[in-house]
Amino acid sequence: MLRKLGCRVAQLRLHSEGTIRNVRNIGVVAHIDAGKTTTTERMLYFSEAKSKMGDVDMGNTTTDYMDQERERGITIQSALTKLKWGKIGVWIIDTPGHVDFTMEVERTLRVLDGAVAVFDGVKGVEAQSRTVLQQAAKFQIPFITYVNKMDRSTANFTAAIDSVENLINIPVVPLQAPLVIADHFVGFADLLSMRFVRYTSMGGVEVVPDAEVPKDQLATAKTLRMRLLDSLSGVSDVIADKYLECLDANDDEGMTIPPDLIKSELTKATKARKATPAVLGSSAKSIGIQPLLDAIADYLPSPVERPPLEAEEPAGKLISKEFKEKDPLAAVVFKVQVQGKDVKSVQRATLVRVYSGVLKPGMKVYNSTRDCAQTIKSISIVDGNDFSVSTDSLGPGGVGCVWGLNRSFTGDTLCADKTSSFVLEGVATPVPVVSMSVEPYSEREDTILEQALEVIQLEDPSISHSINEYGQTVLSGMGSLHLEVTKTKIERGWGLSLESGPVKIKHREYPVNEGTVVHTFNTVLGDPTSGACVLELSLQPIPVGEHELVSLDQEVTMSLSNMLEEEDTKRKLTLKWLPTIKRGVLQGLGAGPLVRDMVSGVKIDVASLKILPRGNEDTVGNAADYTTKLLLAQCRTDLLEPCLEVTITIYNPSVVDTISQDILGSRRGSIIDHQNPTKTTTVLTAVIPVSELTSYASNLLSLSGGEAHHTTRFKGYRIVSDGSVLEKVKEDKAIL
């Protein structure tokens with residue numbers, strides 16, 4: 001059952017060893033502190049990819065190599081490493097678990113074929129677990145459920161996989177049952193063979209004689225064995241027929257069903273995302289790692305077994321693109337890392353995933369996203385922060401680092417040439433929800449700060465910056481930790497000392513009414529002979545969605561409603577100006593009339609356009625900006641505030657009402673879900689404004705007497721109905 005630990009990896013070149021069917025590109029994903037990095041380290045050690053076992057607390061892991069990661073004990077950026085298990089070569093990307101670094105996970109999952117979702121055996125599904133599983137579903141990624149920390153006294157394997165199944169609505173198929181002897185977690189039952197395995201102090205394994213297995217453990221294993229067959233029967237007619245035959249013969253545990261048949265059918269279901277296998281362990285205690293590696297090899301797909309991807313042809317037609325090994329080059333940039341301090345001279349390590357064709361040094365590639373050709377200087381194999389091992393090629397299914405692509409960015413598609421080009425789906429940049437002003441202590445350092453931000457934004461597109469009305473640089477990002485990490489990175493990397501203001505919430509505005517404005521824009525105020533264009537814009541709010549959350553979309557369309565169908569010349573002329581008008585409209589939406597924040601949840605239509613003698617790209621763009629501002633003033637706007645989804649697990653039933661009242665009252669929240677996974681445990685899911693969650697951890701501790709914990713994830717924006725909140729925001733922004 002357990003493969004021998006003898007898979008030496010020296011000079012591993014997964015892209016060229018064996019066939020592409022022996023490659024697995026996987027991510028390790030989870031909520032923060034579920035044990036992703038520890039699990040990755042144990043897989044590297046037990047596959048003999050590393051001779052020493054790294055430890056998060058010691059700060060010597062392969063994938064958490066940044067100083068801040070080691071100091072904070074968390075993963076901040078995704079990191080790539082590799083191992084070999086039997087004949088299977090595995091690329092592993094360890095991802096962040098904190099909500100502030102969601103984009104790191106998103107751009108990583110975009111290029112993976114499978115994942116290991118790690119869950120805390122005590123807590124089960126947590127807030128960021130929900131987010132990463134939703135992201136996995138978005139990209140159609142099969143995954144293995146790994147329930148970690150089973151050595152904890154309150155760990156519950158069945159409750160953990162129940163929480164996963166309730167979230168994903170596909171069967172979670174247990175392959176193991178925990179083995180606890182004398183109150184110590186020591187191993188597991190293999191539910192395919194019904195053999196119990198115990199881990200020894202030296203990291204080895206031994207089969208436990210049936211006589212030594214406690215009766216309650218045996219009963220649990222039999223129950224989970226039946227769940228395995230019940231769950232798999234729901235997605236496999238073959239297993240359903242076999243299991244019915246067993247039940248007819250009074251074999252409730254289906255012991256006559258061949259294990260290889262169960263594995264084969266579970267593999268099909270997993271790759272089709274109809275089921276997820278569940279294994280368990282304690283990564284910190286080095287229990288369960290080898291079976292997890294077995295599961296990766298057995299159940300997750302190779303690159304050639306993934307479904308087609310959506311692609312856009314040059315003419316704009318969307319197609320379903322299926323990649324074959326010998327097709328022309330198709331690759332995606334999923335991350336950019338830089339070495340250096342000036343954006344004009346930095347070395348850019350471009351991390352790519354190859355879907356078809358082969359990348360080679362000296363080869364010219366076409367970036368179809370940016371319509372430019374570039375030449376590859378060299379290619380490296382990546383292992384944590386080690387980019388030193390060069391290779392002469394990177395083939396289908398390969399993940400590696402390409403040097404020389406200085407005009408390629410996260411999400412770009414690389415093709416062989418323009419004639420065979422298409423664009424694959426990119427990576428959406430999330431909307432910043434908080435901001436913070438930063439200032440160097442001398443004006444001389446302003447230029448250095450600007451250079452630092454340009455470099456950092458190459459690596460992290462979810463960080464943005466602007467200059468406010470006081471001349472301060474304002475950082476915007478996904479959370480206070482995100483901003484703190486970025487500030488520290490600037491100070492250490494560029495030798496600056498920055499003074500920062502308080503973290504502020506980034507509000508938005510939402511139109512109250514629909515409306516239409518026709519405006520003649522003159523380049524000289526009051527001079528009718530200086531006309532640039534006559535522009536008609538109409539506005540519609542995008543309807544409010546579930547839980548009263550507002551869309552963040554800003555749609556700019558062109559209906560040309562005031563033009564006749566036969567006026568082809570006018571129509572073509574207007575279409576020519578659409579990109580210019582769109583830029584102007586988006587600029588106009590950048591500062592609403594209420595508190596000068598961006599306007600979202602809006603659809604603006606260009607109804608008509610007449611170009612006058614002074615019309616050019618600048619004046620028409622300015623006209624669109626100004627007309628949009630007139631339109632917003634006419635329609636008026638409401639204030640939007642960012643909200644988090646807060647999941648609160650309460651272990652004392654007597655405090656549930658108190659915590660609920662606190663959410664609905666002073667925190668202006670709403671409860672959207674109420675679950676009771678056990679008789680004494682309640683899980684509340686609420687939507688609460690970010691502004692009301694300051695010091696919530698300590699407040700929850702006080703309210704619950706220490707018998708509750710919470711997790712959060714970004715949910716969306718909703719309209720502020722409390723006038724006092726609006727007045728407070730206006731006061732903070734010094735708006736009268």
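**Note on aromatic contacts and selected residues**

1. Ring pairs join Phe 323, Tyr 355 and Phe 422 into a cluster. The model discussed here is a predicted one. In total, the structure holds seven aromatic pairs.

2. One of these pairs is formed by Phe 323 and Phe 422: the ring centres are 6.1 Å apart and the planes stand at 45°, so the pair is tilted. Phe 323 belongs to the loop between strand 13 (318–321) and strand 14, while Phe 422 belongs to the loop between strand 21 (413–415) and strand 22 (423–424), so the pair ties together parts that are 99 residues apart in sequence.

3. Are these two residues buried or exposed? Phe 323 is buried, with a relative accessible area of 16%. Phe 422 is buried as well, with a value of 7%.

4. Strand 14 (residues 330–339) contains Gln 337. Gln 337 has a relative accessible area of 12% and is therefore buried, since the term requires a value under 20%. Between Gln 337 and Val 116 there are 221 residues of separation in sequence and 25 Å in space, taken from C-alpha to C-alpha.

5. Asp 237, Asp 241, Glu 245 and Asp 248 form a negative surface patch. Of these residues, Asp 248 lies in helix 7, which covers residues 237–248. Asp 248 is exposed, because its relative accessible area of 69% is over the 50% that the term requires.

Note on methods:
Residues are numbered from 1 along each chain as its sequence is written. This is a predicted model: local features need pLDDT of at least 70, side-chain atom pairs count only at pLDDT 80 or more; totals for chains, interfaces and linings use all residues. Side-chain values use heavy atoms; hydrogens and water are left out. Patches are made of residues with over 30% relative accessible area and no salt bridge: like charges are joined within 9 Å, nonpolar side chains (Val, Leu, Ile, Met, Phe, Trp, Tyr) within 5 Å. Accessible areas come from the Shrake-Rupley method with a 1.4 Å probe; for residues, only the protein chains shown count as cover. A salt bridge is a side-chain nitrogen of Lys or Arg within 4 Å of a carboxyl oxygen of Asp or Glu. Lys and Arg count as positive and Asp and Glu as negative; His and the chain ends are not counted. The place of a charge is taken as NZ of Lys, CZ of Arg, CG of Asp or CD of Glu. Helices (H or I, at least four residues) and strands (E, at least two) are DSSP runs, numbered from the N terminus. Buried means under 20% relative accessible area, exposed over 50%, partly exposed in between (1.4 Å probe, protein chains only). Rings of Phe, Tyr and Trp (its six-membered ring) pair if their centres lie within 6.5 Å; planes under 30 degrees apart count as stacked, over 60 as edge-to-face and the rest as tilted.
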